[in-house]
Amino acid sequence: MRPFSLSVALTLGVAATAYAQGDTRQVSGHLIYLPRIALPEDAEVTIVAQGAFDAEFDQLRYQTEGQQVPLPFVLDVPRDLSGTISALIRVADEPMWLVRDIGFEAGGEPVDLGDLQFESYTALAFASRFDCGGTEVQFGVVDDDAVLRVHDVDYKMVEAVAASGARYVNEDDDSTEFWSKGNSAMVTVMGEELPECTQIDDTAASYRASGNEPGWNVNITETQVEVVADYGAVTRTAPRPDVQVTAGAYVFDMPAIDSRLTLEEKMCRDDATGMPHPHSATLQLDDRSFSGCGGDPASLLTGAAWQIEDVAGLGVVDDSTITIQFHENGRISGSTGCNRFMSGYDLTGEGLTLGQMGVTMMACPEALMTQERRVLDALGEVQRFDVDDTGTLRLMGGPEGNAVLTANRP
């Protein structure tokens, strides 16, 4: 989901989608914040539910008229689709409090998200992200406020003189500096210069669905859709249509080229490689129907950290926590239950491989050290991955190609 479109949805509001009766369920909760600050009567609340392709499921927008937190909300969303809830409070037309990208799973039952806690709207609310040699850095500016975030530490920055580009230094110590030039930047933290930084592109990448026998694919970009079938013998293009949302599916209808792509939110495995994808795809082309998979397999891995629950069939040591997190920049990090590890990963159409691990060197009890060796050995054997219908991640490898690590999200 693009931060720009999210900010537009929260600040301007969006048109709610109409659904057939019985095709929706409710997502509810309460909006809260901790500071003892009363909202003025003219405070305005906007709450938005979004899905894939920036599809707007529903929105709620109202003046508080003296109502205070907790602020209840109920939104209608399509059945069998996952999504996120975001909310914004504006006072005198200025954004003040923000809740962003609170996820809900696909399903048919109502969802109560409980209390969603607002954070102050700051310069980091829609910050740009940079990859500095494997270290993610965020930098944001709102009016005269600028903030640099490195290793979860925030530095308040002020603009400084620069011959070119935009240069900021920490207001208390100019040995911390952010200097951007186009899509690159130089970052120094307390005198330590990070590797050259490249901006992480948060705009929506192109979407691909494909299938085998006969080979076909559909590529969806920001502006157009390209349909290729019969191993390239058939090629058609059309302007990208607005996505249609139904219970459990997204639809791109392109009557001008006699094509219609339906993407159901259910796990699909490529019938040639076994690679899992987030969507099951059906392409209607003229009077023919093609089946396949859609979406980026990496999206099944990235996001919140996974908690490893089994290592090579031997379980885990009681009261130990083993984690692995896949980052969007091709890096992984986690804990063996004793030390932290970090590396890169490579996901191709053929499988998943992890790079050589860098590991911290803290000593732990013997049982945890033994477990750590098993974890690192298992990571070195990974060849592919799968996610079952319950959401369990299995990292596969070794001579038999079995699960060497099994994990779930807490």
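Predicted model: local features only at pLDDT ≥ 70, side-chain atom pairs only at ≥ 80, totals over all residues.
Residues are numbered from 1 along each chain as its sequence is written, and side-chain values use heavy atoms, with hydrogens and water left out.

Let me start with the disulfides. A disulfide is a covalent bond between the sulfur atoms of two cysteines, and here the term is applied to a pair of cysteine sulfur atoms within 2.5 Å. Searching the whole structure gives 3 disulfides, and if we number the bonded cysteines in sequence order, the pairing reads 1-2, 3-4, 5-6.

In one of them, the sulfur atoms of cysteine 132 and cysteine 197 are 1.9 Å apart, and with 110° about the S-S bond this link is right-handed. Cysteine 132 belongs to strand E9 (residues 128–132) and cysteine 197 to strand E17 (residues 197–199), so the bond ties together parts that are 65 residues apart in sequence. Strands (E, at least two residues) and helices (H or I, at least four) are DSSP runs, numbered from the N terminus. Are these two cysteines buried or exposed? Buried means under 20% relative accessible area, exposed over 50%, and partly exposed in between, with a 1.4 Å probe and protein chains only; cysteine 132, at 1%, counts as buried, and so does cysteine 197, at 0%.

Cysteine 268 and cysteine 293 also have their sulfur atoms 1.9 Å apart, but the torsion about their S-S bond is about -70°, so this disulfide is left-handed. Cysteine 268 sits in strand E25 (residues 268–269) and cysteine 293 in strand E28 (residues 288–294), 25 residues apart, and both cysteines are buried. For cysteine 338 and cysteine 364, the sulfur atoms are 2.0 Å apart, and a torsion of about 90° makes the disulfide right-handed.

Let me turn to two buried residues. Leucine 395, in strand E36 (residues 393–397), has a relative accessible area of 2% and is buried. Leaving aside residues up to four places away in sequence, leucine 395 is in contact (heavy atoms within 4.5 Å) with residues including Ile324, Phe326 and Leu352. Threonine 176 lies in the loop between strand E13 (166–170) and strand E14 (177–181), and at 1% relative accessibility threonine 176 is also buried. The side chain of threonine 176 reaches the backbone nitrogen of methionine 190 at 2.9 Å.

Finally, the aromatic rings. Rings of Phe, Tyr and Trp (its six-membered ring) pair if their centres lie within 6.5 Å, with planes under 30 degrees apart counted as stacked, over 60 as edge-to-face and the rest as tilted. The whole structure holds 10 aromatic pairs. The ring centres of phenylalanine 53 and tyrosine 250 are 5.4 Å apart with planes at 70°, so the pair is edge-to-face, and these residues are 197 residues apart in the chain. Tyrosine 250, at 0% relative accessible area, is buried. Phenylalanine 53 also pairs edge-to-face with phenylalanine 252, with centres 5.1 Å apart and planes at 85°. Which residues make up the aromatic cluster with Phe53? Phe53, Tyr207, Tyr250 and Phe252 form one cluster.

Technical notes
Polar contact = N/O pair within 3.5 Å; in protein donor to acceptor, adjacent residues only side chain to side chain.
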